[in-house]
Amino acid sequence: MPFIFGVSFVDQQLVSRALQSFYGIGPNVCKTLMARFNIHSTARIGALKDKQIDDLGAELSTMTLENDARRQLQDNIKRLRDMGTYRGRRHAMGLPVRGQRTRTQVSLTLALVEWDRDLAGYENVWTTFIYFRGLLLAKHQFHSISM
Amino acid sequence: MSSPLCLRCLRRSLQPLDHHAASVQRAAFSTTPALGALPPKKKGAANTKPTMRGGSSLKLTKNTRVASGRPPAPGERKALRKRVVLSNTNAIEVRHLQDLTKDLCKDVSALTEAHGKVVGLENETVDAMRALEAFKATQGWNLFRRPAVLVRKETIEMAETLHDAQSKKKTVSKVLYGSRGSGKSVLQLQAMALAQQRGWIVLHFPEAKELTIGHAAYEPVITENGTEYIQPGYTAHLLGNFARANKAVLSKLHLSQQHKLPIPIQPDITLDRFIELGANDPEIAWPIWSAMMIELTAPSKSDKGLQRPPLFVGLDGLDHIMRDSAYLDMDAKPVHAHSLTLVRDFVGLLSGSTKLPNGGMVVAAVSESNRARAPTLDYCLETNSGESKPLWDPYMPQDDRVISAFKNVPVQLINGLSKDEARGIMEYYAQSGMLRSTVTDLLVSETWTLAGNGLIGEVERGSVRMRM
């Protein structure tokens with residue numbers, strides 16, 4: 001079970017799947033990475049040579065991944081907020097950022113924003129939020145089907 | 001003073017207690033209650049919170065998948081899909097079936113007499129062809145008692161070409177193309193069987209697709225042509241096939257030259273053992289392959305010097321190697337199939353840039369059942385067939401490597417059978433008990449017409465497979 005970027009993977013796992021399990025690596029980055037180290041698309045972790053594993057690890061350590069990538073995303077949004085841009089404000093309000101229609105068809109978003117405010121004082125806000133959102137999603141789905 | 005509870009009674013009162021729990025499971029009088037009983041409730045089930053995908057959310061479908069039995073092991077389904085069955089014990093054994101013997105293969109006039117008849121393949125040939133993966137699961141081998149092939153016009157032409165190539169020590173290459181079910185792959189198999197019976201060495205790439213779809217490991221190597229790619233695992237697989245199929249011939253040949261190899265080798269090792277070394281270890285498969293090609297294409301000497309038999313090289317699914325492969329280079333650009341060293345070696349033989357000094361034949365077949373899009377190949381086939389000069393879309397780039405590979409390669413269009421040949425194969429179906437009706441001119445004619453003017457695959461489908 002070789003370690004890649006501090007995570008151990010089973011030998012049977014596809015390399016592409018293992019790489020895409022890291023936050024910050026999607027299908028495209030994965031493809032370029034695998035091409036750089038001559039790994040074919042159906043290769044499994046167990047079939048990799050030691051050098052390929054080392055090279056992959058070295059390459060991954062130079063990339064912005066996992067918490068760094070998440071922080072980068074947060075920082076980008078924070079920057080927009082701090083500058084007081086329209087996009088930043090929309091992010092802060094939890095409303096659509098990219099010019100979507102909000103007169104109709106955003107009931108779910110609005111409801112979530114409302115709950116977010118209401119639940120602010122609860123102890124375990126996140127769990128409750130997930131629970132209510134699940135119920136709401138199901139309800140929403142049911143309505144959209146029955147209509 | 002007596003105790004309020006007698007000890008004997010106490011013991012009796014305890015007995016049913018430990019039996020009670022088991023009695024439900026044991027089902028003393030009937031088996032139904034145990035089966036019909038409600039499953040025991042899980043502990044703490046009531047306390048768990050409903051999750052997002054849990055039971056309390058809305059279920060829109062009742063179509064839940066139920067796991068039944070053992071899931072297939074890795075590779076099991078593929079093995080079943082690729083399984084080649086060469087015998088049908090329910091089919092009648094055809095009496096007086098002529099065999100494709102060594103004598104028949106060497107004597108073209110005798111083979112001409114067998115035109116339109118079905119000949120059986122000898123066990124040795126069957127083993128060799130099976131080792132080369134020349135039989136395919138989609139072909140109708142599983143319908144008859146033993147593998148047998150129809151001697152058609154093209155078979156006799158092939159036998160003549162083989163005879164010429166051997167006697168005049170020249171290299172003949174040929175590309176077979178034609179409609180789906182016209183018998184290109186089986187004609188290639190016949191050519192291989194003829195070559196094998198003549199004592200040639202037969203190499204075969206059973207599926208060109210497997211070389212180029214990017215499912216086998218690859219490594220870059222720097223050669224005189226720039227960066228090329230070797231496929232160690234697949235090379236080892238092919239070497240194994242060749243060693244098994246040609247064991248009889250290769251075991252009599254010895255290594256004749258010094259090669260640069262990563263492992264020490266006994267200098268006069270037999271070629272079959274030499275090739276097996278590569279088959280067993282993918283790490284050394286490519287150097288062994290290169291050395292093998294040098295050994296097999298070394299010119300024979302007169303008298304009692306080095307002797308090398310002629311070489312037959314086949315490849316099925318040519319369309320897959322006349323385009324970009326699915327492999328990517330270091331910059332994530334597609335690698336052209338001709339940059340894969342195995343393909344490069346084959347194309348060199350096909351185009352005639354690599355000569356076979358002891359004579360030989362290179363036959364490639366285009367696959368129509370899984371055709372890869374290769375517009376330059378289509379253009380070359382049409383041009384080389386000499387029927388017409390096709391127009392090329394000036395806005396579309398041509399594949400120069402394909403054009404240069406096809407400069408002097410003759411192509412052969414495989415059409416349907418003649419009516420006499422169709423009659424021959426249908427009589428064989430009837431003798432095998434697979435075709436119940438009497439083979440009359442009318443039936444032959446009808447089947448021949450419905451089969452797109454005698455495409456053999458369709459003749460088989462119309463008379464044997466689709467039989468009610």
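Which residue follows helix 14 of chain B, and is its phi positive or negative? The residue is B:G352, and its phi is positive, near 95°. I will come back to that helix.

This is a predicted model, in which local features need pLDDT of at least 70 and side-chain atom pairs count only at pLDDT 80 or more, while totals for chains, interfaces and linings use all residues. Residues are numbered from 1 along each chain as its sequence is written, chains are lettered from A and ligands numbered from 1 in the order in which they are written, and side-chain values use heavy atoms, with hydrogens and water left out.

Chain A to begin. Its secondary structure comes to seven helices and two strands; helices here are DSSP runs of H or I with at least four residues, strands are runs of E with at least two, and both are numbered from the N terminus. From the N terminus on, the order is β-β-α-α-α-α-α-α-α. Of the 147 residues in chain A, 29% are buried, where buried means under 20% relative accessible area, exposed means over 50%, and partly exposed is in between, with a 1.4 Å probe and protein chains only. Among chain A contacts with a separation of 6 or more, 45% join residues 24 or more positions apart; contact means heavy atoms within 4.5 Å. The chain exposes about 10,100 Å², and carbon and sulfur atoms supply 52% of that. Areas come from the Shrake-Rupley method with a 1.4 Å probe, and for residues only the protein chains shown count as cover.

Now chain B. It has 19 helices and eleven strands. Buried residues are 45% of its 468 residues. Of its contacts with a separation of 6 or more, 73% are between residues 24 or more positions apart. Chain B exposes about 26,300 Å², with 54% from carbon and sulfur atoms.

Back to helix 14 of chain B, residues 341–351. Nine of its eleven residues are buried, so the helix is mostly covered. The buried ones include B:D345, along with B:F346 and B:L349.

Next, a helix pair. Helix 10 (residues 232–245) and helix 13 (residues 282–296) of chain B pack at about 55°, with axes 8 Å apart. That makes helix 10 of chain B oblique to helix 13 of chain B: under 35 degrees is roughly parallel, over 145 roughly antiparallel, 65 to 115 roughly perpendicular, and the rest oblique. Axes are lines fitted to C-alpha atoms over the stretch in contact, and angles run from 0 to 180 degrees between N-to-C directions. Among the residues that meet are B:L238, B:L239 and B:F242 from helix 10, and B:W286, B:W289 and B:M292 from helix 13. By class, this contact has eleven nonpolar, two polar and no charged residues.

B:Q196 sits in helix 8 (residues 184–197) of chain B. Its relative accessible area is 13%, so B:Q196 is buried. Beyond neighbours within four places in sequence, B:Q196 contacts B:E124, B:T125, B:A128, B:M129 and B:V202.

B:N142 lies in the loop between helix 6 (123–131) and strand 2 (148–150) of chain B. B:N142 counts as partly exposed because its relative accessibility is 37%. Its C-alpha atom is 5.0 Å from that of B:L86, which is 56 residues away along the chain. Leaving aside neighbours within four places, B:N142 is in contact with B:V85, B:S87 and B:N88.

Notes:
Nonpolar A, V, L, I, M, F, W, Y, C, P; charged D, E, K, R; others polar.
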